Amino acid sequence: MPMSINPKPLLNDTTPSGYNRTKRQYARIFLWLTSLLLITSHPFLSLPTSACAVYTMHGGTWFSHKNFKWMSASILSFCISLYSLALRVKSDTIDEGFAYELKVSLEVRQRTVEITWGG
């Protein structure tokens with residue numbers, strides 16, 4: 001008796017209903033938290049929340065327009081958080097007595113970036 005071959009693919013390319021929507025909702029929550037932390041001037045805490053948003057979105061469908069939009073926002077949010085943290089660290093290492101203008105300009109740039117992206 002001949003054996004029939006099952007034409008099913010080896011990999012399951014279908015995702016359950018609502019799978020990507022759930023990932024976008026979690027990423028949205030992480031990005032709201034990142035925004036709140038940036039507005040309140042906590043770049044060290046906003047970095048892990050934006051990284052969680054990137055990690056959440058990386059498992060979704062790559063060719064979806066909505067997923068691409070939220071993945072781009074997550075990556076940009078991570079970069080902004082990292083930039084804000086770098087400005088904060090550099091500002092803290094500068095002595096006010098010797099380079100007051102540089103210190104103030106770094107602090108102003110940091111707050112501008114945080115409020116612009118967070119708000």
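In this predicted model, the side chains of Lys103 and Glu107 meet in a salt bridge, with a distance of 3.8 Å from N to O. Both residues belong to helix H4, where they stand 4 residues apart, or about one turn of the helix. An α-helix has 3.6 residues a turn, so residues three or four places apart point the same way. The structure holds 2 salt bridges, and the other partners to consider are Glu114 and Arg111, whose closest N and O atoms are 2.6 Å apart. Glu114 and Arg111 also lie in helix H4, 3 residues apart, which is again about one turn of the helix.

| Residue | Relative accessible area | Class |
|---|---|---|
| Lys103 | 9% | buried |
| Glu107 | 33% | partly exposed |
| Arg111 | 28% | partly exposed |
| Glu114 | 0% | buried |

Glu114 counts as buried because its relative accessibility of 0% is under the 20% cut-off, and its side chain also makes a polar contact with the side chain of Arg111 at 2.6 Å.

Helix H4 (100-118) is, in turn, among the elements that cover the buried residues of helix H1, together with helix H2 (43-57) and helix H3 (65-93). Helix H1 runs over residues 19-39, and at 1.5 Å a residue its 21 residues should span 30 Å, which agrees with the 31 Å that separates its end C-alpha atoms. The buried residues of H1 include Lys23, Arg24, Ala27 and Leu31. Seen down the axis of H1, the buried residues fall within an arc of 160°, so they line one face of the helix. On the face turned away from this buried side, H1 carries the exposed residues Ile29, Trp32 and Leu36. After H1 comes Ser41, whose phi is positive, near 60°.

Ala53 is also a member of the largest nonpolar core, whose 6 residues are Ala27, Leu31, Ala53, Met57, Trp70 and Met71. The elements that give two or more residues to this core are H1, H2 and H3. In soluble globular proteins, nonpolar side chains tend to be buried together. Leaving aside residues up to four places away in sequence, Met57 touches several residues, among them Ala27, Trp70 and Met71, and it also touches Lys23 and Arg24.

Definitions and conventions:
Residues are numbered from 1 along each chain as its sequence is written. This is a predicted model: local features need pLDDT of at least 70, side-chain atom pairs count only at pLDDT 80 or more; totals for chains, interfaces and linings use all residues. Side-chain values use heavy atoms; hydrogens and water are left out. The expected span of a helix is 1.5 Å times one less than its number of residues. Buried means under 20% relative accessible area, exposed over 50%, partly exposed in between (1.4 Å probe, protein chains only). The arc is that of the directions from the helix axis to the C-beta atoms. Contact means heavy atoms within 4.5 Å. A polar contact is a pair of N or O atoms within 3.5 Å; within protein, one must be able to donate a hydrogen and the other to accept it, and residues adjacent in sequence count only if both atoms are side-chain atoms. A nonpolar core is a set of buried Ala, Val, Leu, Ile, Met, Phe, Trp, Tyr and Cys residues joined through side-chain atoms within 4.5 Å. A salt bridge is a side-chain nitrogen of Lys or Arg within 4 Å of a carboxyl oxygen of Asp or Glu.
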